[in-house]
Amino acid sequence: MQHGTHHEHDGRPVSHADHAAHTTSHHPGGVGWSMAARATLHCLTGCAIGEILGMVIGTALGWGNTETMVLAIVLAFFFGYSLTLRSVLKAGVDFRTALRVAFAADTLSIAVMELIDNGVIALWPGAMDATLADTLFWGALAISLAVAFVVTTPVNKWMIGRGKGHAVVHQYHH
């Protein structure tokens with residue numbers, strides 16, 4: 001074998017870029033922004049489903065801001081954990097272990113995302129009083145989720161880099 005040439009287990013040559021990407025996925029210290037962004041997007045999907053559903057239900061039922069926000073946060077955690085739980089269960093892991101993995105992988109990410117998302121909405125003038133028919137309701141919600149994504153991505157990068165968060169889930173995707 002020549003110096004600088006690496007081969008997969010089946011003998012196929014691998015470029016340095018491929019090897020670096022593979023190494024990064026198995027060695028937590030070398031985590032890239034792309035992996036962190038994918039983990040955050042995964043988390044954002046569950047959070048957004050719960051957040052939007054909670055806001056819609058609370059607003060449609062005429063609930064107060066506090067009750068609506070609590071429902072949205074509870075549903076964001078529920079759907080965030082559910083998406084991870086679903087993928088880990090597909091890997092053949094028992095339910096109890098999968099639940100522990102989901103909690104370990106997502107708790108900090110969802111908490112940061114919800115803090116930022118709800119903080120933006122709470123601080124946005126008029127957003128808490130907007131109705132489902134208001135552009136402000138949907139615009140503030142979309143912007144708050146985008147800001148939450150931007151703030152949470154470095155948190156996920158930091159966690160994955162330490163073998164925590166979605167790095168825990170990653171081992172079940174092989």
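Does Leu-61 count as buried or exposed, and at what relative accessibility? Leu-61 counts as exposed because its relative accessibility is 54%, where exposed means over 50% relative accessible area, buried under 20%, and partly exposed in between (1.4 Å probe, protein chains only).

The model is predicted, with local features needing pLDDT of at least 70 and side-chain atom pairs counting only at pLDDT 80 or more, while totals for chains, interfaces and linings use all residues. Residues are numbered from 1 along each chain as its sequence is written, and side-chain values use heavy atoms, with hydrogens and water left out.

**Overall fold**

The protein chain holds 6 helices and 2 strands, which follow one another from the N terminus in the order β-β-α-α-α-α-α-α; helices (H or I, at least four residues) and strands (E, at least two) are DSSP runs, numbered from the N terminus. Of its 174 residues, 35% count as buried. The chain exposes about 9700 Å², of which carbon and sulfur atoms supply 67%, with areas taken from the Shrake-Rupley method with a 1.4 Å probe and, for residues, only the protein chains shown counting as cover. Among contacts (heavy atoms within 4.5 Å) between residues at least 6 apart in sequence, 68% join residues at least 24 apart.

Leu-61 lies in the loop between α2 (33–60) and α3, and together with Leu-53, Ile-57 and Trp-63 forms a nonpolar surface patch with about 350 Å² of accessible area. Such patches are made of residues with over 30% relative accessible area and no salt bridge, with nonpolar side chains (Val, Leu, Ile, Met, Phe, Trp, Tyr) joined within 5 Å and like charges within 9 Å.

Helix α3 covers residues 65–90, and its 26 residues should span 38 Å at 1.5 Å a residue, which agrees with the 37 Å between its end C-alpha atoms; the expected span is 1.5 Å times one less than the number of residues. Its buried residues include Thr-68, Ala-72, Phe-77, Tyr-81 and Val-88. Leu-75, also in α3, is buried with a relative accessible area of 16%, and, leaving aside neighbours within four places in sequence, is in contact with Gly-50, Leu-53 and Gly-54. After α3 comes Gly-92, whose phi is positive, near 90°.

**Helix α4**

Phe-95 lies in helix α4 and touches Leu-85 and Leu-89, not counting residues up to four places away in sequence. Ile-116, in the helix α4 as well, is partly exposed, with a relative accessible area of 21%; with residues up to four places away again set aside, Ile-116 touches Val-147, Ala-148 and Val-151.

Asp-117 has its place in α4 (residues 95–123) and touches Glu-51, Leu-141, Ser-144, Leu-145 and Ala-148, not counting residues up to four places away in sequence. Asp-117 is buried yet has no salt bridge, and the nearest side chain of opposite charge, that of Arg-86, is 21 Å away. A salt bridge is a side-chain nitrogen of Lys or Arg within 4 Å of a carboxyl oxygen of Asp or Glu, and in assigning charge Lys and Arg count as positive and Asp and Glu as negative, whereas His and the chain ends are not counted.

**Selected C-alpha separations**

| Pair | Separation in sequence | C-alpha to C-alpha distance |
|---|---|---|
| Leu-75 and Met-55 | 20 residues | 9.8 Å |
| Phe-95 and Leu-85 | 10 residues | 8.1 Å |
| Ile-116 and Ala-148 | 32 residues | 5.2 Å |
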